[in-house]
Amino acid sequence: IGTSIPGAENNPAYTVRIAFGPDGNLYVLDGVQNADDEYVTDSRIRVFDATGAPLKEFTLSGKEAGSPTELTIAPDGTLYVLSYSQFLVADPDGNLLAAPALLSPGMPKQVEFAADGSPILSFDITNYDTDPYTVYRSLVKYGADGVAVSAFGEAIPNDWTDAIPEGQLQGVYDFVVLP
């Protein structure tokens, strides 16, 4: 039996991502207009049970973050929301937590978790301050202490005239971690 999950009539939203949490519930990440600033997009997370019944809803302010682009839920229920300019981390009730110091070389594109709970981040970042400019295309696995444990891909100069060296990543657009 299918279930339809409506948005709020007074605040149209666009669904960015859906994810299933370790609790088996469906988490829906929407971008919604900030109540105080029509030019700001907040990150709204709505949680539904297996029947589609709403369980809770909360909003993470977009004033510093911009529009949400990604939602990942850690095995312990911690929520990771990526936006165009910030990495928001919240507990399962929407209370903001300190973002881990995993942002090297810059904002990640995606966060997933290994079976042991270790975060794996993808990066696709361009540094235009170098000549030729440098592109960081990598997948990096971190330990619980925030130190990189292993990586695939690295920073490479890129002027679009040379082929990307063998063993380097053309780009990381999406990845999954298998058990």
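Trainee: What makes β5 and β6 a pair, and in which sense do they pair?

Mentor: Keep in mind that this is a predicted model. Two strands count as paired with at least two bridges between them. β5 and β6 have five bridges, in the antiparallel sense, so by that cut-off they pair. Within this pairing, leucine 71 sits opposite valine 81 in β6.

Trainee: Which strands form the open sheet, and in what order?

Mentor: Four of them, running β5-β6-β7-β8, with antiparallel pairing. β5 (68-73) and β8 (96-97) are at the edges because each has a single partner strand, which leaves one side of each without a neighbour in the sheet.

Trainee: How many aromatic pairs are there?

Mentor: The count is one aromatic pair. The ring centres of tyrosine 80 and phenylalanine 113 are 5.1 Å apart, and the limit is 6.5 Å, so they qualify.

Trainee: Why is the pair of tyrosine 80 and phenylalanine 113 called tilted?

Mentor: Their planes stand at 50°. Stacked needs under 30 degrees and edge-to-face over 60, so this angle falls to the rest, tilted. Tyrosine 80 belongs to strand β6 (residues 79-83) and phenylalanine 113 to strand β9 (residues 110-113), so the pair ties together parts 33 residues apart in sequence.

Trainee: Are tyrosine 80 and phenylalanine 113 buried or exposed?

Mentor: Both are buried, meaning under 20% relative accessible area.

Trainee: Where is confidence lowest and where is it highest in the chain?

Mentor: Lowest in strand β13 (residues 155-157), with a mean of 64, and highest in strand β4 (residues 54-60), at 89. The chain averages a pLDDT of 79, and 80% of the residues score at least 70.

Technical notes. Residues numbered from 1 in each chain as written. Predicted model: local features only at pLDDT ≥ 70, side-chain atom pairs only at ≥ 80, totals over all residues. Heavy atoms only, no water. Phe/Tyr/Trp six-rings, centres within 6.5 Å; stacked < 30°, edge-to-face > 60°. Helix = DSSP H or I, 4+ residues; strand = E, 2+ residues; numbered from the N terminus. Buried < 20%, exposed > 50% of the residue type's maximum accessible area, 1.4 Å probe, protein only. pLDDT = per-residue confidence, 0-100.
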